[in-house]
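Have the sequence and the model open as you read.

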Amino acid sequence: MSPLFYPEKDSWDWDPSSREISNIDQWKLDFNEVQEFVVSPDGQKVAAVVQNEDETFTPCINGETWENSFEKAWSLKFSPDGRLFCLGMNDDEWTIIEDDRPWEDSFEYVWNLKFSQNGKGAGANIRTSDGYGVLLNGEVWENKFVQMRSVELSPDGVSAAGNIQIEALSEGDVAKFRQGLWNIAVDGKPWDSNFLNVWDCSFSSDGGIVAAEVRLVSGRQTIAVDGKAWKNDYRAVWKPIFIPGSRDVVAPGLTTEGWKLLLNGEPLWNKSYNQIWRQTIGPDGRKLAAVVSPEFGQWTIAIDGISWAKTFGDVVLDPVFSSDGKRTAAGVKESGKWTVAVDGTPWPEKFGMVWDPVFSPDGKHVLAKAWRDDSYMLVVDGKITGPAYENLFDFVFSDDGTKLLIKCVENGLCFRKVIFSKDLT
Amino acid sequence: MYQFVSGPLVWIAFAVFVGGMVYQFVTMLRLAQKDKVIYPYMSLKYSLRSLFHWIIPFASRNMRARYEVTIVTFIFHICLVLLPIFLLAHVAMFAFAWGAKWCVMSAGAANYMTLAVILACVFFLLRRVMLPEVQFVTYVSDYVLLAIAFAPFVTGFAANRQWFDYETTIIIHMICGSLMLIVIPFTRLSHMLFFPFTRAYMGSEFGAVRNARDW
Amino acid sequence: MGLPAIPIVSDLGLDETAKALNTEQIATVVNRILDQETAARFKVYLNTCVHCGLCSDACHWFLSNDRDPRFSPVGKVKQTLWEIIRKKGHVSPEFMKDCSRIAHTECNVCRRCSMYCPFGIDIAYLLLVVRRICHELGMVPQFLQDTVNSHSVTMNQMWVKQDEWIDTLQWQEEEAKGEIKTSRIPLDKEGADVFYSVIAPEPKILAQLIGNIAQIMAVAKVDWTMPSLDGWDNSNMAMYSGDFEIMGRVERAHYESALKLKSRRIVMGECGHAFRGAAYDGPKWLGWREPPIPLIHAVDFYHELLTTGRIKIAKKFETPVTVQEPCNIVRGRGLGQKLREIISMVCEDFRLPEPGLEHNYCCGAGGGTINCGPPWKTSRVKGNRVKAEQLAATKAHIIITPCHNCHSGIEDIISGYKLGMHVKFFSEILMEVMEVPDELKC
């Protein structure tokens, strides 16, 4: 539940109210099968893939099905700007369907449907008879590849990149594999050099540069930026990120002293850890937080190299910054119980599951969705607020922070509620 | 000569033994940190559970399957440890040097126990020579270590029986005993120190981490 | 000593690597690994072992090869590590080839020997150090290395492409719906109770097992999911080749996938080595003391479904059965008793193997050994005669093997020793005897 950028947020209905969107229990009577529910960013629509009488599948939105139906349909998602997408198949041809309109081209397979950060771009991996590629905003990459296993979209949604296999490999051919058959293609164009492996990649904030985790030879991994490997390499690395507005890349790397956070291949923090990952840039574009393990089996958050005093035994999830960057919070698990830790202090209340916390725009309050005893709940500053929900989707603050949009299911009814933030505490 | 081996040599041997053991112990603790998982995995309960099953004869499956080894090994180790501590002659020497005294075992018991150690050594030797799986992993050093363990007992026995010139035999005995003390920390005889720790770790990993039995 | 010659096996992964190596390179790697990657356990184990040979009787390779001392656990350490250390790493490429043969293909790292060593020395760990050295030198049997290459690219062990994976799940969902109409394989469902993960042979060659689980989940009304993207394969051959960096990456992908979907626990299919990788070796390398999300082996899960009555048995399975108790869940998790309980709950005639529980013999295929491929099959089958004798003595017709490696290994034993028995996963038996409410039937 990271605070997504919702481009249309200003135009949403922010009048305090509680409105029933749909009786979703009724759907279960109306259709053979009702799959998982998704809710639009503005909370006005609830949708799920359902099975019709004729055994075809189609999305149902607020009780109304699309006109198009499919032999198979899945990956139903609202884009951040509120369009509803799914992947559908008829006659062994798959395509992306956007708001009941199938995209023009169809493929042997489509998967990994993704949206860009600004909500404008939509893309997915595709397989055609010519090989693997990417479908981005309706356009198919001209180049096809032997295999492709990921797609990342640039923040503006106009570019896509992913790891590609450049030559076929017979099973068992360890000699050929050692030559390096993997690369990154950006908008269909591979980098100049290949690598033994290429894993996750990231775009710079302007979409102009791509950095990826690569393996040079067995036991030597590093980060490649636009195809050029860092001059240093490591036993292992994790996914790189760009510092916004720059060419600078930050990634964790495993050195002989332990895991270190690296900036362009040089140690950034003067410390090594038992593990470091999930590095996150603060809203000012400078502050850097990461999940670190100072000792085996102990986890915490470090901000600019300074760790929280409190550590957690099981898990610490992605650090989340307040909008002024002064506070951090994260989902944590200790002794099998989940909760949220804010600035190093865990909430006393424990849960069966928590979602990433969200700061109120003024940074004073921390909210999180949690699950316990078969129901979902909204937790504000560690206190359960409001009823136990059958389901709770993401919640969104208005830009001025005075109101909160909650999307939830109670007694089989899907609700959209806008409440005053001050009523939360 | 007698003065030297019964005085300074013994003290040197004890000092090396104690110092060596402390050194090995501290080294182990330090290295255990580098291993990362050792301290987090260690559990007192499961360490004791494991030790319990391996210091009681026949409490583990392999001890039952190899009963002859179990019997000999237990007798050997018990005698090996108790004899030097409670032998009248040893206690008397400590009493003479320190004025400290503790209980002693009867001459008869000492006699039989020494004989047991000697026979156990012969058993271990035969086992090493005759069993292919033991022979295969035997180095010269294994015979040397066995001889080092054997020597103080056979020489002590010979001295007691006065088979040879007593003074010569007893000097050899004391040299052998000192040698054994000196080499324990720096050879595989250090299993004397490591046994509880290797068992404790394996017991903890089996019990606390993997929820299984290790015997 | 008059021991028979070890048959020479040609393996590209070893033969070609040996040609390209020299003693100096080997010494550099050995000393780096021993200095940087080993510590108290390694040193204390080496100093404590009194060369007593008492571990020998634990090893199925030793027992099956007529007590040939080269196959005893300590014998394997002697032929590898002791020599490497004695020569300070200055050993020949041919010697390292033998090390790989011994450590990768003639030891299943099943850890039975550590239950026989009076000191509790983890001999399998010592052989894993040998494997680590071999890996760093590129000295890994070809087929095992190919599996690791697959892990490195796809995060699964059989080169399954992403589209093939999803397509298979959708196909198996359809198949399952044909039997039980509420069957589903919910993809990427957030907040499910169970994240179900499998090993790659399931989508690749045993897809019906996925269809089976879809039906079992439907009958038991389990809130579950499977991921559409990488992280669905819980297996890990990199752990066994000695490539710990790839092992860590694969394990992280598995757990990140479940963490991202906010699943409350991971239930994994019937596989033993995968449990070990996901429960211990992987988390340990990554820094987790315990798996970040509870990891439940299929045996544990079926025990829960059966004892809570979520699955009921219509009629017990009548054919005489016995069990292959997988090392990694029995010695590795103490699930032996639960395994016996669930078999007793579904089978009329259950014949216990002897020895059993923690003392059960390894299938001979685990520890990455079967993944060393066809060149090594003959020695692998020869090295587990005791397993054939143990199974034959039960006079059962079916061997239940809740582990993929055991499954394939035991099939090889059955055909190698002409036992005339059959191997089944527990879920296959469960499918035959499970009570399906009428309203769920098609």
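This is a predicted model: local features need pLDDT of at least 70, side-chain atom pairs count only at pLDDT 80 or more; totals for chains, interfaces and linings use all residues.

Residues are numbered from 1 along each chain as its sequence is written, while chains are lettered from A and ligands numbered from 1 in the order in which they are written.

Q: How many helices does chain B have?
A: Helices (H or I, at least four residues) and strands (E, at least two) are DSSP runs, numbered from the N terminus. Chain B has zero strands. Its pattern along the sequence is α-α-α-α-α-α-α-α-α-α-α-α. The number of helices is 12.

Q: What share of the residues in chain B is buried?
A: A residue is buried if 20 or more other C-beta atoms lie within 10 Å of its own, exposed if 12 or fewer, and partly exposed in between, with C-beta atoms placed from the backbone. The C-alpha atoms of chain B fill a box of roughly 60 × 40 × 35 Å along the principal axes. Of the 215 residues in chain B, the buried share is 33%.

Q: Which helix of chain B gives the most residues to the side that touches chain C?
A: Contact here means that the C-beta atoms of two residues, placed from the backbone, lie within 7 Å. Chain B brings 39 residues and chain C brings 39 residues. Several helices of chain B each supply at least two residues, including helix 2 (8-34) and helix 4 (44-55). With eight residues, the one that gives the most is helix 12.

Q: How many charged residues are on the side of chain B that touches chain C?
A: Ala, Val, Leu, Ile, Met, Phe, Trp, Tyr, Cys and Pro count as nonpolar, Asp, Glu, Lys and Arg as charged, and the others, Gly among them, as polar. This side has 20 nonpolar and eight polar residues. The charged residues number 11.

Q: Which residues touch the most other members of the largest nonpolar core?
A: A nonpolar core is a set of buried Ala, Val, Leu, Ile, Met, Phe, Trp, Tyr and Cys residues joined through C-beta atoms within 7 Å. The largest has 305 residues. A second, separate core has 27 residues, including L80(B) and F150(B). In the largest core, the residues asked for are V110(A), I184(A), I123(C) and L127(C).

Q: How many bridges pair strand 12 with strand 13 of chain A?
A: Both belong to an open antiparallel sheet of chain A in the order 11-12-13-14. G123(A) has L136(A), in strand 13 of chain A, as its bridge partner. Strand 12 (residues 122-128) and strand 13 (residues 131-136) of chain A pair over six bridges.

Q: How far apart do the C-alpha centres of domain 1 and domain 2 of chain A lie?
A: Domain bounds come from an automatic or database domain assignment. Domain 1 covers 114-272 and domain 2 covers 280-386 of chain A. Their C-alpha centres lie apart by 29 Å.

Notes
Two strands pair if DSSP finds at least two bridges between them.
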